Amino acid sequence: MARGARLTPAAAAAGLVAVLAAAGAGLTVGPVDIAADRVALQLLDLIPGLDADSGLSPSRAAIVTEIRLPRVVLGLLVGSTLALAGAAYQGAFRNPLADPYLLGVAAGAGLAATLAITRGLGDGAGWLDPVPLAAFAGALVAVGASYAAGHLGGRSTVSLVLAGVAVASFLTACQTYVLQANTDAIREVYAWILGRVATSGWAEVSLIAPYFLLTVIVVIRYRRALDVLAVGDEEASALGLDPRRVRLIVVTVASLGAAAAVAVTGLIGFVGIIVPHTVRLVFGPSHRVLLPLTVVFGGAFMVAADLAARTVLAPAELPIGVVTAFIGAPFFVLVLRSSRREVW
Amino acid sequence: MIGPAGAAAGTGPGASGGGPKGAAAEPAAIAIAGLSVRLGTATVLDRLDLEVAAGEWLNVIGPNGAGKTTLLRAILGSAPFTGAVRVAGLADRRPAARARMLAYVPQTPVMPAGMAVIDYVLLGRTPHRGVFAGDSARDLKVAGEVLDRLDLGPLAGRELRSLSGGERQRAVLARALAQQAPVLLLDEPTTALDLGHQQDVLELVEELRREAGLTVVATLHDLTLAARYGDRVALLASGRIVERGDPARVLTPDTIAEHFDARVRVIEDVHGPVIVPVARNLRERP
């Protein structure tokens, strides 16, 4: 009997291997040489009830558990969240170019972060750091404004996307103005905009973790609804789905996740486009396959990009947004060229 | 069995004929009263009344812009309307409840890239499962039966977009049948097809109607096809049903001239009227 699209064990295994390889490299490669087996033992020691002796000095052990591990985990969470949010937007809007930035997440976060930095508010850490809090709020306000403006234009997806473009342009103009009036802050603002996964420990991880979980759980639960939406609102509605409701829920949750990711790491671009499209081209467009694989490959991609960002020009660090685009764009063209799949 | 879940036996084509006479025994499949649809400032449908008996096949005809598609969309609940639309006696406007009663074959269906035929047919099971539920054994069984019935079994794993026009139309019909709804709404099901495939699709609809006791409402441009297949025709013009009944009675040269602005001859054939366009004398034109 014929069955529908499903996640094959081979695809799931490929995703798992990608995550483990990226995380392994992220944990072992760095300015301080620590052997992979010692890193593994040190990690095992973290598991409650398990006592493994890695033989590492306390300072080297701390490099693994307090510097590299949180950085790898943060990369996984941010990459997964941004990639999944992109896939969710593309499905909800049936538009290959859609991602949360389309409705102003980047522009809103950028303006709010710029305001916070130029007001000299950038000194806290973790939960208390006003810059990510401002960026988070700014991103959500922008998406809300896009939705409200799109509503005035007739509630269609096209009017919503156009409203998002208008809102994003407006906010970007405001940000440019603020920046021009505070030229001394330009360097700091650009450093934030280009993104970084550097951490001050586990604080950032705890900031984004709840939003990562929310996005993954809710968006993946809507995988079938997004597959139904592929036939368009009118047919989806004739099939018994409420397309507007599905879109509102999926877009809201994806925006929350993207806002949290952007707040913690800055405006890392391209991940929400490149990862879902690569997965689509390789494994097919069904959201039942696409969404879970986007989560794992998104995380792996971000950890690998961060590894490149901190090793290519070591000891200096490249902004990770530069790396994702610099490596990501050519790679994507390669995938596009070699794929015979028609996915849009 | 492909038919609607819990379909009453015996609602075959014999229940048709004179229209909603059987309405006392069971509610009309579709009962429309005072239906108006306004799009912007235009009144597309104007206080329209229409009943379709269970098991009947009604063809809605009318000139371009008469509101045929809008009528189907109003029945589906996807066009905002005033008035009453009852399906099997119920006026439930919730999408899932509607989709269990009405299956819809749109004029130009969206063919999602990369979607396999089986996945497309399984979309028809959407109203029968929760938003988050997967394919049940029953969903797969129904989809498998529908695919076999429409000779699509060997194509189940193929991508939709790789199908020919005739195969695509059968895939869309298969999705609609997988809904197991008692009423089938077809919007110009023959538009993109050549003559042979037009006959194939309409004969298939007729067979399915007999097998499963479906009620069929179709919009058709081709008046001869509209007369040949189905029980009754309803002529829609200026937002209202202006004529309805037996094709031989509705499809007269005068009626067609009045509403389609066309000059035709109607030839009586044993299978129903044949509408033949008559070339206007070109020299008479200004």
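Which residues in α4(B) are buried? In this predicted model, they are Asp139(B), Val142(B), Ala143(B), Val146(B), Leu147(B) and Arg149(B). Viewed down the axis of α4(B), the buried residues fall within an arc of 165°, so they line one face of the helix. An α-helix has 3.6 residues a turn, so residues three or four places apart point the same way. The face turned away from the buried side of α4(B) carries the exposed residues Ala137(B) and Lys141(B).

Helix α4 of chain B covers residues 137–149, which is 13 residues. From its first C-alpha to its last it reaches 18 Å, close to the 18 Å expected at 1.5 Å a residue. Its buried residues pack against two helices of chain B, α3 (117–122) and α5 (165–178). Just after α4(B), Asp151(B) takes a positive phi of about 55°.

The sheet comes next. Six strands of chain B form an open sheet in the order β5-β6-β7-β3-β8-β9, with mixed pairing. Its edge strands are β5 (102–105) and β9 (240–245) of chain B, each of which pairs on one side only. Neighbouring strands of this sheet are turned by 20° against each other on average, direction ignored.

Note on methods:
Residues are numbered from 1 along each chain as its sequence is written. Chains are lettered from A and ligands numbered from 1 in the order in which they are written. This is a predicted model: local features need pLDDT of at least 70, side-chain atom pairs count only at pLDDT 80 or more; totals for chains, interfaces and linings use all residues. Helices (H or I, at least four residues) and strands (E, at least two) are DSSP runs, numbered from the N terminus. The expected span of a helix is 1.5 Å times one less than its number of residues. A residue is buried if 20 or more other C-beta atoms lie within 10 Å of its own, exposed if 12 or fewer, and partly exposed in between; C-beta atoms are placed from the backbone. The arc is that of the directions from the helix axis to the C-beta atoms. Two residues are in contact if their C-beta atoms, placed from the backbone, lie within 7 Å. Two strands pair if DSSP finds at least two bridges between them. Axes are lines fitted to C-alpha atoms, for helices over the stretch in contact, and angles run from 0 to 180 degrees between N-to-C directions.
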